[in-house]
Amino acid sequence: MKCIVALKQIPDLQQLRIRNREPVLNDIPYTLGAIDKNALELGVQLKEELDWEVVVISAGNEELEDTIKEALAGGADNSFLLIDNQIDQMDSAEIASLLAEMIRRSEDIGLAIFGEGSGDNYTGQVGSRVAEILGWPQAGYATSVSVDGSTAKVTRALDDCIEEVELDLPAVIIVSAGLNTPRIPSVMQILKAGKLPKEIITLDDLSLVSSANQIETVSNLAPIAERKQIKIGSVDELLNCLESAGVERR
Amino acid sequence: MLGVLVWSVQTKLACELLSAAREIDQEVFALAINDDAQAESLAQKGAQVFRLNNQSLEIANTASIAHAISQVVNQLNPEYILLSSNRRGKELAGRLAQIINAGCLSDVRALVSSDGQIECVRNALGGATIAHQVIKTQQKLIAISANCYEVPSDQGGGQVQDISVKVEDSKLRLLSTQGKPSEGVDISSAEVVVAVGQGLENEELLETVNKIANQIGGIVGCTKPIATDRKWLGEERIIGLSGATCKPNVALLLGTSGQVQFSVGIRDADTIVAVDKDDQANVFTLADYYLVADLNDFLPKLSTSL
Ligand SMILES: Cc1cc2nc3c(=O)[nH]c(=O)nc-3n(C[C@H](O)[C@H](O)[C@H](O)COP(=O)(O)OP(=O)(O)OC[C@H]3O[C@@H](n4cnc5c(N)ncnc54)[C@H](O)[C@@H]3O)c2cc1C
Ligand SMILES: Cc1cc2nc3c(=O)[nH]c(=O)nc-3n(C[C@H](O)[C@H](O)[C@H](O)COP(=O)(O)OP(=O)(O)OC[C@H]3O[C@@H](n4cnc5c(N)ncnc54)[C@H](O)[C@@H]3O)c2cc1C
């Protein structure tokens, strides 16, 4: 059986700079989102337990092959990559239809694992959309998963409750941030990762009619920060600041 | 295609959606699924409510709820569908949007009408930017964050009618539900917030922080690692992208580095006062007043001075 893990390459937001309120995204190296690494770790844990195969799928621009090495070193068996610079302009619906098409090309899938939200836009739609396209059941905000034959038991952390559900396989699992601690690959693993089997396709290889963008971004600017940034020197001064801001001592 | 359909599993959030819906100048329909009390509450707010009662419909089953709502959408044909951007709502949004071929935005904090279009305002790039976005599809699905709109007051005049849908065989079974332990704190509506981060070096100091918060009528909030890694405080106290958005009069930030995923939750505060031992701390750029100090010395001093 296979476990598909969907990973998105994102600009490393730690290095994001703002200039004239515009985010400057050029020259920022790519990385994988923290939650996506949790998704991969879950896949690798299931593989160790069930002797499954972990297949990473991802759609991204030409940097993807490099970015994804980190993931392969984290325990994936092979990868299926859609590399095309047009991917950067696509919205969640288009990305979901591409990923669903890629998943359809594999056989014998038990689970397809996604993150609760990507590291950059965090809209949290892609996993649910893919589940619908494939007609599979889904469980979001998963904190633990166990597989037994043709079903999976999933614990989910929701807003006000913890829920346990059982799903028929194949199923989509969307993991909750921080559900596990992703392993850190050794230097040897990173070196080996470059040699793991991979299949690379472009948009031309998928028979999808491209649709118009569903979302138009009118503006995307950093908020105006107009803080005073006044340095103060003592606890007493700090108390004065709190009081003049309206704090009352009880 | 006209009208706004709203649904949330949580009645308070469904009520907030009624307020959000008023930004769109169209007729409002509210849906209540297997929840007569919610149908009543929404009707009291003046909404035209459709009550969907079907015992084979399980809220835990995102796929079947999405298909049920898509049938309601087909019957009422609204232009807008508003869901709450809590966990259930967000998960549902993607699936429902896919069925009805709608563009979808989640974590939307405000709807703004501009040139006859509805712009959705939401954080992007981990909170570094605020995006204004328009959905271009005929039907539009928007998931709205909690606490961004008021619960409208009761006005009467609403009515409840039944609606029905077909429910397919389920590929998911609910095994158990367990309430999360909750202290019932609502950090998002606090007037004064005392937020602690990993600069708090030991758990004992939390006692002093609690005392200070009491002394100044504040509620203690925290950064994510304090709740999820150290587990010193409950998750409902997390401020930021994955937690609450606060709009207090005053925020006192203690040992928080002010990374953007945190600061999105506090940047609407009127006044921000930050304390950090690093004189180059990033958090100072979002503060009105800042003090360079070690919390180990600062906290006991502040508490005694109060
Ligand atoms: C400022 C800005 C705002 C945007 N806002 C929106 C918006 O509101 N709505 C919208 O539809 N699009 C939006 N986009 C486009 C969006 O970033 C991409 O379409 C993206 O690939 C999918 O959405 P997401 O990042 O939110 O993924 P999410 O739905 O948050 O991702 C969930 C999971 O899906 C998987 N996944 C997502 N993308 C990929 C991928 N390319 N390859 C492999 N796995 C993947 C990962 O497991 C990830 O954890 C925006 C882009 C920008 C620049
Ligand atoms: C998708 C995603 C979502 C996230 N959502 C959230 C969220 O909702 N909320 C959130 O908070 N984070 C969130 N994060 C994490 C966020 O990026 C930061 O990692 C986190 O906010 C840092 O927490 P901190 O400020 O407590 O710790 P640190 O970054 O470690 O900062 C500690 C600060 O304390 C100072 N300090 C250290 N010792 C002392 C001392 N003795 N006295 C005084 N000062 C001291 C340090 O100089 C430093 O400035 C998210 C991350 C991701 C990727």
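1. A word on terms before the first contact: a charge counts as sitting over a ring if NZ of Lys or CZ of Arg is within 6 Å of the ring centre and within 35 degrees of the ring normal. Please also keep in mind that this is a predicted model.

2. With that in hand, have a look at Y80(B): the charged end of K140(B) sits over its ring, 5.5 Å from the centre. A second case involves W232(B), where the charged end of R230(B) lies over the ring at 4.7 Å from its centre.

3. Now to rings that pair with each other. Over all chains, the count comes to two aromatic pairs.

4. Where do F29(B) and F50(B) lie in the chain? F29(B) belongs to strand β2 (residues 28-33) of chain B and F50(B) to strand β3 (residues 48-52) of chain B, so the pair links distant parts of the chain, 21 residues apart. F29(B) is buried, at 7% relative accessible area, and F50(B) is buried too, at 6%.

5. The other pair to inspect is F284(B) with Y290(B), which is stacked: 4.1 Å centre to centre, with 15° between the planes. Are these two residues buried or exposed? F284(B) is buried, with a relative accessible area of 5%, and Y290(B) is buried as well, with 15%.

Key
Residues are numbered from 1 along each chain as its sequence is written. Chains are lettered from A and ligands numbered from 1 in the order in which they are written. This is a predicted model: local features need pLDDT of at least 70, side-chain atom pairs count only at pLDDT 80 or more; totals for chains, interfaces and linings use all residues. Side-chain values use heavy atoms; hydrogens and water are left out. Rings of Phe, Tyr and Trp (its six-membered ring) pair if their centres lie within 6.5 Å; planes under 30 degrees apart count as stacked, over 60 as edge-to-face and the rest as tilted. Helices (H or I, at least four residues) and strands (E, at least two) are DSSP runs, numbered from the N terminus. Buried means under 20% relative accessible area, exposed over 50%, partly exposed in between (1.4 Å probe, protein chains only).
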